[in-house]
Amino acid sequence: MIQDEPTIFTLSNGMRVVYLHTDKQVAHLGVTVLGGSRFEDDHEVGLAHFLEHCIFKGTQKRKTYHILSRLDSVGGELNAYTAKEEICIYGSFSFEHLKRTSELLSDITFHSVFPEKEIEKEKEVVLDELNAYMDSPSDKIFDDFENYLFGEHPLGNNILGTEESVRSFHKDDLLRYTEKFFYPDNMVISYVGQSSVKQLEKVLEKDFGHITSKKEKQHPKGFDDYKPFRKVLKEANYQSHILLGGLAPGYNDDERRVMSLLVNMLGGPALNSRLNLSVREKYGYTYNIEANYTPYQEIGFWSIYAGTDPKYMKKTEKLILKELKRFTEVLLTEGQLKKGKEQFKGHLALSMDSNSGMMLGLGKSLLIFDQIDTLDDIYDELDRITAEEIRALAQKFFAADQISTLIFEQNGKD
């Protein structure tokens, strides 16, 4: 998903690396592991995210302070994130500190010891994060929607877990999880920076090439049990919140690019998206309205979120459904389709303006999708999309009987 051609090579132990050269002073290096929350067992809900927190709490040769200071002391940054499908540990640094960063990431990834004392302290940090999320209806509604959408499937679980699950975790759980997922064939290293391919390969071979395993890449449990729903809950504070959505193509589906274009035209970041022009600009019903498309490996979902005054909730929902119906019935004109494609191309280019974001995207793309699409590749695919394909996809996924709805009403109101 980049404009310049990346280089992909493999270390002696089979670990794949994706490299992209840049002349910038700052470089970015990340390790992405196929072991996000959808891979958790029933008794492990929230464990992947908890692992992300605890992996910085000590290794066989470093205590927490030394881990946190290793990059910070030279002006760099160490970070991590957990998603439904992946865990990523990464650093941003002045390019001359590649060796320091590579060795640190290797140490954290493969030699963390998870001291029980630190685990107990980190539980309170994660529970505070969970409470902050519970205090924000505009955030909570997205996770609750996925929970209803995917039901008891792991994709429906909250990445943060629950208070009960977080308090139950111990050192053995973390060691078992890393043993299960942290091995060469199940991870990818990504780099964006000045160092040459030869320099990078030499450094990574030293720090990562000695890790061996005969395990193969993990494959998640599939999902095929969607039942549309409508839920109205007393969860809001001042605004009411609404989220509509349904299933969509996954990463490995040929229709994913059509879905991306369709959702961008419907309610992407542009001020002239259909939903923004209709619900916000024409009627003034909402400050924030957006459409999103979230693909996973074999399945995905689309969603539309709006926060509005309770008195406008029904009118807002009606307008959203009207716009969805338009896509299923009315064929885009040649001019509308061309404009939508050009706009989406611009959004894609802007989204790739961050080198750190590009490094994360490269790693995830190679790990989950097994390939890297350049910006030119994506543009070519977009240019081939027809108005008929967009309408057919809308008819498939925006059909009235396939739409689910979650509404957060104000507490104490009928």
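Tutor: Gladly! Helices (H or I, at least four residues) and strands (E, at least two) are taken here as DSSP runs, numbered from the N terminus. This is a predicted model, in which local features need pLDDT of at least 70 and side-chain atom pairs count only at pLDDT 80 or more, while totals for chains, interfaces and linings use all residues. Residues are numbered from 1 along each chain as its sequence is written, and side-chain values use heavy atoms, with hydrogens and water left out.

An unreviewed UniProt entry annotates residues 16-162 as "domain: Peptidase M16 N-terminal"; UniProt positions follow the numbering used here, feature names are shortened, and annotations may be inferred rather than shown by experiment. Over residues 16-162 the chain is 44% helix and 19% strand, with end C-alpha atoms 34 Å apart. The entry also gives "domain: Peptidase M16 C-terminal" for residues 169-343, a span that is 41% helix and 24% strand and has its end C-alpha atoms 46 Å apart.

Leu337, Gly340, Lys341, Phe344, Lys345, His347 and Leu348 of helix 12 are buried. They cover an arc of only 165 degrees around the axis, so they sit on the same side of helix 12; the arc is that of the directions from the helix axis to the C-beta atoms. Lys338, Lys339 and Leu350 are exposed on the other side. Buried means under 20% relative accessible area, exposed over 50%, and partly exposed in between (1.4 Å probe, protein chains only).

What do the buried residues of helix 12 pack against? Their partners are helix 9 (256-267), helix 14 (375-384) and helix 15 (387-397), where contact means heavy atoms within 4.5 Å.

On a 1 Å grid over the protein atoms alone, a pocket is an open set of points where a 1.4 Å probe fits, with protein on both sides within 12 Å along at least five of seven lines; lining residues have an atom within 4 Å of a point. Among the lining residues of the second largest pocket are Gln336, Lys339, Gly340 and Gln343.
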